[in-house]
Amino acid sequence: ALMLNLAGFGPAEHRLLVEARIEGLADLLAVDLADFRRRVNAAAAELSVDAPDPLMVETWWEQARTLDEA
């Protein structure tokens with residue numbers, strides 16, 4: 001549920017992150033930014049969708065850390 005607090009995050013982004021094997025906040029917190037970017041881009045290719053803007057991917061990664069601190 002906390003993943004829905006990420007900026008610009010909806011059903012399509014959820015599907016993308018599940019494909020990237022990021023199913024919850026703990027999974028996102030467990031990877032570094034470079035690995036997160038790689039996994040999201042690979043998932044987008046697998047799903048035949050456009051990858052999110054790199055700035056958005058970084059924003060999700062940073063926001064996950066902020067949510068963890070709350």
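How many salt bridges does a search of the whole structure find? The search turns up three. Before I go through them, a reminder that what we have here is a predicted model. I'll take the salt bridges one by one, and then look at how a pair of helices packs.

Okay, let's start with D35. D35 pairs with R38 in a salt bridge, and the closest N and O atoms there are 2.6 Å apart. Both residues are in helix α3, three residues apart, so about one helical turn separates D35 from R38. As for accessibility, D35 has a relative accessible area of 22%. Buried stops at under 20%, so D35 goes down as partly exposed.

D35 also has a salt bridge to R39, this one at 3.5 Å, N to O. Here the spacing is four residues, again within helix α3, and that's about one turn of the helix.

What does R39 touch, once you leave aside its neighbours within four places in sequence? R39 is in contact with A20, R21, I22 and V31. If you have the viewer open, go to R39 in helix α3, and pick out A20, R21, I22 and V31 as its contacts.

On accessibility, E58 comes out at 25% relative accessibility, so it counts as partly exposed. R37 is at 29%, so R37 counts as partly exposed too.

Staying with R37 for a moment: its side chain also shows up as making a polar contact with the side chain of E58, at 3.0 Å. Beyond residues up to four places away in sequence, R37 touches P54, V57 and E58. And for a C-alpha distance, take R37 and A51: they're 14 residues apart in sequence and 9.6 Å apart in space.

Now the packing. Which helix pair am I talking about, and at what angle does it pack? The pair is α1, residues 11–19, with α3, residues 33–47, and the angle is about 105 degrees. The two axes are 8 Å apart. Roughly perpendicular covers 65 to 115 degrees, and α1 and α3 are therefore roughly perpendicular to each other.

Who makes that contact? On the α1 side, R15, L16, L17 and E19. On the α3 side, F36, V40, A43, A44, E46 and L47. Sort the contact of α1 with α3 by class and you get seven nonpolar residues, three charged and no polar ones.

Terms used. Residues are numbered from 1 along each chain as its sequence is written. This is a predicted model: local features need pLDDT of at least 70, side-chain atom pairs count only at pLDDT 80 or more; totals for chains, interfaces and linings use all residues. Side-chain values use heavy atoms; hydrogens and water are left out. Axes are lines fitted to C-alpha atoms, for helices over the stretch in contact, and angles run from 0 to 180 degrees between N-to-C directions. Helices (H or I, at least four residues) and strands (E, at least two) are DSSP runs, numbered from the N terminus. Angles under 35 degrees count as roughly parallel, over 145 as roughly antiparallel, 65 to 115 as roughly perpendicular and the rest as oblique. Contact means heavy atoms within 4.5 Å. Ala, Val, Leu, Ile, Met, Phe, Trp, Tyr, Cys and Pro count as nonpolar, Asp, Glu, Lys and Arg as charged, and the others, Gly among them, as polar. A salt bridge is a side-chain nitrogen of Lys or Arg within 4 Å of a carboxyl oxygen of Asp or Glu. Buried means under 20% relative accessible area, exposed over 50%, partly exposed in between (1.4 Å probe, protein chains only). A polar contact is a pair of N or O atoms within 3.5 Å; within protein, one must be able to donate a hydrogen and the other to accept it, and residues adjacent in sequence count only if both atoms are side-chain atoms.
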